[in-house]
Amino acid sequence: EGIVTYVSSLPEAKKYKRVGSKPLIIRPVSVSGRLKADANISEEDTRLILAADEKYKILHNANVIFVL
């Protein structure tokens, strides 16, 4: 598995063990990039992600899935 997994639906994402039992779901304010796969998130959601990473190491452990 890579740093981030990309899937096409939330039910598909929930099949991965990296999701866990209580996933933190963040909706981007916009997307960019050639493939529209670069998520732009709010400052508030950035704080939520950083707090979750501090407690659960979600970024360090590569527990991230993008639903496109």
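This note sets out points on the predicted model shown above.

1. Basis. Residue numbers start from 1 along each chain as its sequence is written, and side-chain values use heavy atoms, with hydrogens and water left out. In this predicted model, local features need pLDDT of at least 70 and side-chain atom pairs count only at pLDDT 80 or more, while totals for chains, interfaces and linings use all residues.

2. Fold. The protein has two helices and four strands, in the order β-α-β-β-α-β along the sequence. Helices (H or I, at least four residues) and strands (E, at least two) are DSSP runs, numbered from the N terminus.

3. Dimensions. The radius of gyration is 12 Å, close to the 11 Å from the globule rule for 68 residues, so the protein is as compact as a globular protein of that length. The radius is taken over C-alpha atoms, and the rule is 2.2 Å times the number of residues to the power 0.38. Along the principal axes, the C-alpha atoms fill a box of roughly 30 × 25 × 20 Å.

4. Burial. Of the 68 residues, 16% are buried (buried: under 20% relative accessible area; exposed: over 50%; partly exposed: in between; 1.4 Å probe, protein chains only).

5. Aromatic pair. The count comes to one aromatic pair (ring centres of Phe, Tyr or the six-membered ring of Trp within 6.5 Å; planes under 30 degrees apart are stacked, over 60 edge-to-face, the rest tilted). Tyr 6 and Phe 66 are stacked, at 5.4 Å centre to centre and 20 degrees between the planes. The pair links strand β1 (residues 4-7) to strand β4 (residues 64-67), 60 residues apart. Tyr 6 is partly exposed at 44% relative accessibility, as is Phe 66 at 26%.
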